[in-house]
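Thank you all for coming; I would like to walk through one model this morning, beginning with the fold as a whole and then turning to a few places in it. Please have the sequence and the structure open while I speak.

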Amino acid sequence: MSSDTRNSLLRQNRVLASLADRTLDQLAPHLETVPLVPRNVLCEAGERLEFVHFPLAGVVCLMASLREGIAETAAVGAEGFIGLECALGGDSALSRALVQLPGSAVRMPLEALRALAARHEDVRHVLLRYVRFFVIQALQSVACNSLHSVDERCAKWLLTAHDRSGLAQSFPLTQEFLAEMLGVHRPSVTIAARTLQRAGLIRYSRGIIVITDREGLEEAACECYGVIRRALDEILPAH
Ligand SMILES: [Zn+2]
């Protein structure tokens, strides 16, 4: 594969896309492509982080485990990377990273990335830019979870998953998993999915969700979807 072809493949990830060709050339020997298989765990909370993953397509959810159950704290796709602890001086994973939507990623040993970040200012900056976006997203989500309805959050989650997965309008998703993602009981998700379906915004059957009216779904989502998308476009512009 020529380095141009390889770099254009790597640029499917927004963080990698922010790096110059010559920097990507330095990263390339350390990168390995891996499939993202739903329900696979990339790392467990508290475990030593061996690799940093940059998704090219697919969605990985960071999960918090509490006594009452588990809930998603963030969804990461081709806009970011899993292992931002490495940019903050940490060695152990802050959360469990669980693949939700299929795709692929390139992964790199944490130590190799850290060594490159120490030598290349642009690598350091782009990792920190993503951390900045991640913090904005996390703060918005705290407010979202306490103020916005399950219907609005469900619409927001589907739009975000659609944006970040690189998949077409339809994707596999069980109600059980969506309930985990939203941190609510399953009956609430059933009601929300039914409401969105009745409004003609999605079609949902046998574990497959099809977005039938993307614009309508954006109107049904809470303001957080737009706030987070604009922050991403500002901090890590699409190339
Ligand atoms: Zn919200």
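Two remarks on the source belong here. This is a predicted model, in which local features need pLDDT of at least 70 and side-chain atom pairs count only at pLDDT 80 or more, while totals for chains, interfaces and linings use all residues. Residues are numbered from 1 along each chain as its sequence is written.

Along its principal axes, the C-alpha trace spans about 55 × 40 × 30 Å. Of the 239 residues, 38% count as buried, where buried means that 20 or more other C-beta atoms lie within 10 Å of the residue's own, exposed means 12 or fewer, and partly exposed is what falls in between, with C-beta atoms placed from the backbone. Two residues are in contact if their C-beta atoms, again placed from the backbone, lie within 7 Å; among contacts between residues at least 6 apart in sequence, 76% join residues at least 24 apart.

Let me turn to the helix packing. Two packed helices are described by the angle between their axes and the distance between the axes. The axes here are lines fitted to C-alpha atoms, for helices over the stretch in contact, and the angles run from 0 to 180 degrees between N-to-C directions. Under 35 degrees counts as roughly parallel, over 145 as roughly antiparallel, 65 to 115 as roughly perpendicular, and the rest as oblique.

Helix 5, residues 121-147, and helix 10, residues 224-235, have axes that come within 10 Å and cross at roughly 170°, which means that helix 5 is roughly antiparallel to helix 10. On the side of helix 5 the contact involves Arg129, Arg132, Phe133, Ile136, Gln137, Gln140 and Cys144, and on the side of helix 10 it involves Cys224, Val227, Ile228, Ala231, Leu232 and Ile235. These residues divide into 9 nonpolar, 2 polar and 2 charged, where Ala, Val, Leu, Ile, Met, Phe, Trp, Tyr, Cys and Pro count as nonpolar, Asp, Glu, Lys and Arg as charged, and the others, Gly among them, as polar.

A second pair is helix 6 and helix 8, whose axes lie 9 Å apart at an angle of about 70°, and helix 6 is therefore roughly perpendicular to helix 8. From helix 6, Val150, Asp151, Cys154 and Ala155 meet Ser188, Val189, Ala192, Ala193, Thr195 and Leu196 of helix 8, and the residues of this contact divide into 7 nonpolar, 2 polar and 1 charged.

Two strands pair if DSSP finds at least two bridges between them. The sheet is an open one of 3 strands, in the order 6-8-7, with antiparallel pairing. Its edge strands, each pairing on one side only, are strand 6 (170-172) and strand 7 (202-205). Direction ignored, neighbouring strands are turned by 15° against each other on average.

Strand 6 is joined to strand 8, residues 208-211, by 3 bridges, and Ser170 stands opposite Val210. Strand 7 and strand 8 pair over 4 bridges, with Ile211 as the bridge partner of Ile202.

Which residue takes a positive phi in the hairpin of strand 7 and strand 8? That residue is Arg206, with phi near 45°, in a hairpin that has 2 residues between the strands. Arg206 counts as exposed because there are 6 C-beta neighbours inside 10 Å. Arg39, in the loop between strand 1 (32-36) and strand 2 (41-43), likewise has a positive phi, near 80°, and counts as exposed with 8 C-beta neighbours inside 10 Å.

I will finish with Arg186, which is found in helix 8, residues 186-198. With 14 C-beta neighbours inside 10 Å, Arg186 counts as partly exposed. Leaving aside residues up to four places away in sequence, Arg186 touches Gln175, Glu176 and Ala179.
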